[in-house]
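Here is a friendly walk through one chain, from its overall build down to a single side chain. Have your viewer open as you read.

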Amino acid sequence: MTFQRSFRYHALPMQVTFEVGAVAGVGDELARLGLRRALVLCTPEQRSLAELVVDHLGDRGAGIFDQARMHVPVETADQARVRARELGADSCVVIGGGSSIGLGKAIALEHGLPIIAVPTTYAGSEMTPIWGLTRDGRKQTGRDPVVLPQAVIYDPALTTTLPAEISAASGLNAVAHAVEALYAPDASPIISLMAEEGVRAFTAALPTIVEDGTDLEARAQALYGAWLCGSCLGATTMSLHHKLCHVLGGSLDLPHAQTHAVVLPYVLAYNESHAPRAREALQRALGTEQDPSVALWDLAQQLKIPHSLRELGVDESHLPAIVDEVVSRPYSNPVPVTAEGLRHLLDGALNGHRPTGPMTGAPSAHPI
Ligand code: NAD
């Protein structure tokens, strides 16, 4: 395979700490950054984790705001900002998954408070400059370096309580970031290395985690994969998979990680004939000579998570509007997205049939 000779790579200005028990150092991180008092943000379910952070912050803990919600309603962001002002906070520590981190980003975007992130799922938002905010029922997204956390603390011990099904789906959500980075128009050799290593880490870790969520070795490997795959998402342009999941999730209110986990093998089958470098990297990462779309579908089966959109509440009547919405917005993808091709893809995902390999024709003359 030819070497990719032309690319750009932006390194992110943040410190990453990775260690079992690292959350105990959150106060030192604040001090290192010259910050005095942090408001701790979490979802209601992660309140006990936020209390642990406040204990570790000591005098630097301003209080807790525990109302983070999926997709960041602007009203929630406003409430959190008011709370931060009342408590004299000059920063936020966010603990939890993408919902909590999204709230921290919204506050950073609108009010400039710096963030320290302590992720406990594999969604990867902590490594991206991508923000999202829901106003009047419509989610807006964008990229702005101001929302990047100034420090990220990965502590595998905090993830042992993540249920098996959420762990598996969240892991495949992260794998989707790596897959799309491998065939992105702005792919680079360093990001491709990270993507391949990220998929390898999840392939090894997820089956063990589903059997025993307290296995710290596997939890550490998965969180390492989340870091790598999140970095890939932050560094590249998203293609069909992310756009399709965004439209499905937004219009039908589907669970985020599970939607990614179901859709991924079918989008890969759609794209892989025109992305041979990505295909080879995924075969190495998945440890197979099989077609990677089929291998990913088999992995999802092994992890015992929903494998059809129907199980998530979608039916045939929803599909025409999804197809219209996706094809009406052009974006980069290795294979052009046609209404007919997308409908075929969605019929497979709706019923959860095992993919049979590449769905589209011969490779292009300029393989990605
Ligand atoms: P989430 O934050 O809602 O967490 C998923 C579930 O995991 C929740 O039920 C939560 O209570 C539970 N959970 C989290 N930590 C836990 C723990 N330690 N123990 C037990 N349960 C725990 O969802 P998510 O999948 O992490 O993130 C999804 C959101 O993040 C979406 O809004 C998505 O759009 C956004 N996202 C943004 C980016 C970005 O770059 N901006 C990237 C990925 C996802």
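## Overall build

The chain's secondary structure amounts to 13 helices and eight strands (DSSP runs numbered from the N terminus: helices are H or I with at least four residues, strands are E with at least two). This is a predicted model, where local features need pLDDT of at least 70, side-chain atom pairs count only at pLDDT 80 or more, and totals for chains, interfaces and linings use all residues. Residues are numbered from 1 along each chain as its sequence is written, and side-chain values use heavy atoms, with hydrogens and water left out.

The C-alpha trace spans about 60 × 40 × 40 Å along its principal axes. Of the 368 residues, 56% count as buried (under 20% relative accessible area; exposed is over 50% and partly exposed in between, with a 1.4 Å probe and protein chains only).

## Two nonpolar cores

Nonpolar cores here are sets of buried Ala, Val, Leu, Ile, Met, Phe, Trp, Tyr and Cys residues joined through side-chain atoms within 4.5 Å. The largest has 100 residues, and Leu172, Leu244 and Leu309 have the most contacts inside it. Helix α5 (residues 164-182) gives the most to this core, with 10 residues. At least three residues come from each of domain 1 (15-159) and domain 2 (164-351), with bounds from an automatic or database domain assignment.

A second, separate core has 20 residues, including Ala22, Leu30, Ala38 and Val93.

## One face of α12

Which residues of helix α12 (residues 319-327) are buried? They are Leu319, Ile322, Val323 and Val326. Seen down the axis of α12, the buried residues fall within an arc of 100°, so they line one face of the helix (the arc is that of the directions from the helix axis to the C-beta atoms). These residues pack against α8 (240-252) and α13 (339-351), while Ala321 and Asp324 are exposed on the other side of α12.

## A buried aspartate

Asp155 sits in the loop between β8 (151-154) and α5, and counts as buried at 2% relative accessibility. Leaving aside neighbours within four places in sequence, Asp155 is in contact (heavy atoms within 4.5 Å) with Glu19, Val20, Gly21, Ala22, Val23 and Leu223. A polar atom of the Asp155 side chain lies 3.1 Å from the backbone nitrogen of Val23.

How values were computed
A polar contact is a pair of N or O atoms within 3.5 Å; within protein, one must be able to donate a hydrogen and the other to accept it, and residues adjacent in sequence count only if both atoms are side-chain atoms.
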